[in-house]
Amino acid sequence: MGKDKKYFLDEKPEKLTYGGVFRRINDWARARSLWVVAYGTGCGSIELRPTFTSRFDAERLGMRMVATPRQADVLIISGYLTVKTLKRVIRVYEQMQSPKYVVALGACPINGGMYYDSYNAINRLDLYLPVDVWITGCMPRPEAILAGFKRLQELIDSGRADGWKKYIDNLDRYRENQKKIIKNWKMPNYNW
Amino acid sequence: MEVLNRLREKFEITGDKVQRDDLALVETTGKDLIPVLVYLKTYEGFKTLVMISCVDWMEKGKFQLSYNLWNPEKKKNIIVKIFLDRENPVFQTIYKIWPQAEVYEREIHEMFGVNFEGNPTQDEELILEDWEEIPPMRRDFNTLRYSMEKFGEREPKSGIIIRKQISEQYDEWRRK
């Protein structure tokens, strides 16, 4: 950290709360324009290419890949997640602007999958990040991914996709779990 | 391959085998490995180092290092093997012969704990960050137990019991 400290925030984030018709309009709009970080953590990212390009064409449903986490709404954990990648994923997730959603692809983030005895791949993702939609399969086909995104849209539309609120409320618990496996925590306590 | 005859005349070769028409295995001693590699590169046209791999022979107390070379003109492979002592695995670096060997040696150092003397970057972390246990690709490292202790469980209790049994069986088998 050191001289980079001015770029980071150590304070906890605030939770945006507004209700009524504005919340309803915002949720309606958000569900129809999901931007996904172009970031693949494991083998599942190979299925995202046909999903987002012309074969299955997720862009007709309002989804597209964007280059930076600041522009994005959705983070896809695509397949196995190693400890080394988890550090980067936490930074990407915390740089995204609220409201933000996490979609976990495949068996590995659920319970380890075929990497259940790996020395380096985590077994449960929801100890470290709040997950809104799980898509099972090893790997899930693009049809399954589209079905999962349809579910995510329903959740957002009805105001039930509140993983980012849970993350802010239970930040201490999540941070404790993250620090349990990331021994050398070099990041600030909260890095926007 | 006739290159084996020339190698047998010049160096101390403890074993050799022709696996296929285009693949031969040569076993030599640590003292002779670098002369053999230099000879193969300079005079026999094995210009490319394909990879270096490591095998853990726990029962024999040895580590095997395999240097896989490729002759692009004659389309032939040759694998040069040496055995190191498992308790104190130290060998010389060959990155001055092939610069790409530096990264392979760094990975073997991280995964098996073999020391390559003279390699400038072998202590930098390649894949594992903040690793505190014994190197994970050694066969006496129990990955299942490590994973259970570090990453927790997400299964019914019967599954946990079965996994613990497997882990204990592994330990018993290792002690034999």
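Modeller: A charge sits over a ring if NZ of Lys or CZ of Arg is within 6 Å of the ring centre and within 35 degrees of the ring normal. Keep that rule in hand. This is a predicted model.

Biologist: What makes Lys100(A) a charge over the face of Tyr93(A)?

Modeller: Lys100(A) is at 4.5 Å from the ring centre of Tyr93(A). The limit is within 6 Å. Lys100(A) therefore passes on distance, and it lies over the face of the ring.

Biologist: Where does the charged end of Arg64(A) sit?

Modeller: Over the ring of Trp35(A), 4.9 Å from its centre. The cut-off is again within 6 Å.

Biologist: Now Asp132(A). Where is it in chain A?

Modeller: Asp132(A) lies in the loop between α4 (108-111) and β5 (133-135).

Biologist: How do you know that Asp132(A) has no salt bridge?

Modeller: The nearest side chain of opposite charge is Lys166(A), 6.2 Å away. A salt bridge needs a nitrogen within 4 Å of a carboxyl oxygen. So Asp132(A) has none, yet it is buried.

Biologist: What does the side chain of Asp132(A) reach?

Modeller: The backbone nitrogen of Gly163(A), at 3.2 Å. A polar contact needs N or O atoms within 3.5 Å. Beyond its neighbours within four places in sequence, Asp132(A) is in contact with residues including Lys100(A), Tyr101(A) and Leu152(A).

Biologist: On to the rings. How many aromatic pairs are there over all chains?

Modeller: The count comes to 13.

Biologist: Why is the pair of Tyr119(A) and Phe141(B) called edge-to-face?

Modeller: The planes stand at 75 degrees. Over 60 counts as edge-to-face, so the name follows. The ring centres are 6.5 Å apart, and pairing asks for centres within 6.5 Å. This pair crosses between chains, from the loop between α4 and β5 of chain A to the loop between β7 (115-117) and α4 (143-151) of chain B.

Biologist: What makes the pair of Trp131(B) and Tyr146(B) tilted?

Modeller: The planes are 45 degrees apart. Under 30 would be stacked and over 60 edge-to-face, so 45 degrees is tilted. The centres are 5.2 Å apart. Trp131(B) is in the loop between β7 and α4, and Tyr146(B) is in helix α4, 15 residues apart.

Biologist: Why is Trp131(B) called partly exposed?

Modeller: Trp131(B) has 23% relative accessibility. Tyr146(B), at 11%, counts as buried.

Biologist: Which residues do ring pairs link into a cluster?

Modeller: Tyr119(A), Trp131(B), Phe141(B) and Tyr146(B).

Note on methods
Residues numbered from 1 in each chain as written. Chains lettered and ligands numbered in written order. Predicted model: local features only at pLDDT ≥ 70, side-chain atom pairs only at ≥ 80, totals over all residues. Heavy atoms only, no water. Helix = DSSP H or I, 4+ residues; strand = E, 2+ residues; numbered from the N terminus. Buried < 20%, exposed > 50% of the residue type's maximum accessible area, 1.4 Å probe, protein only. Lys, Arg positive; Asp, Glu negative; His and termini not counted. Polar contact = N/O pair within 3.5 Å; in protein donor to acceptor, adjacent residues only side chain to side chain. Contact = heavy atoms within 4.5 Å. Phe/Tyr/Trp six-rings, centres within 6.5 Å; stacked < 30°, edge-to-face > 60°.
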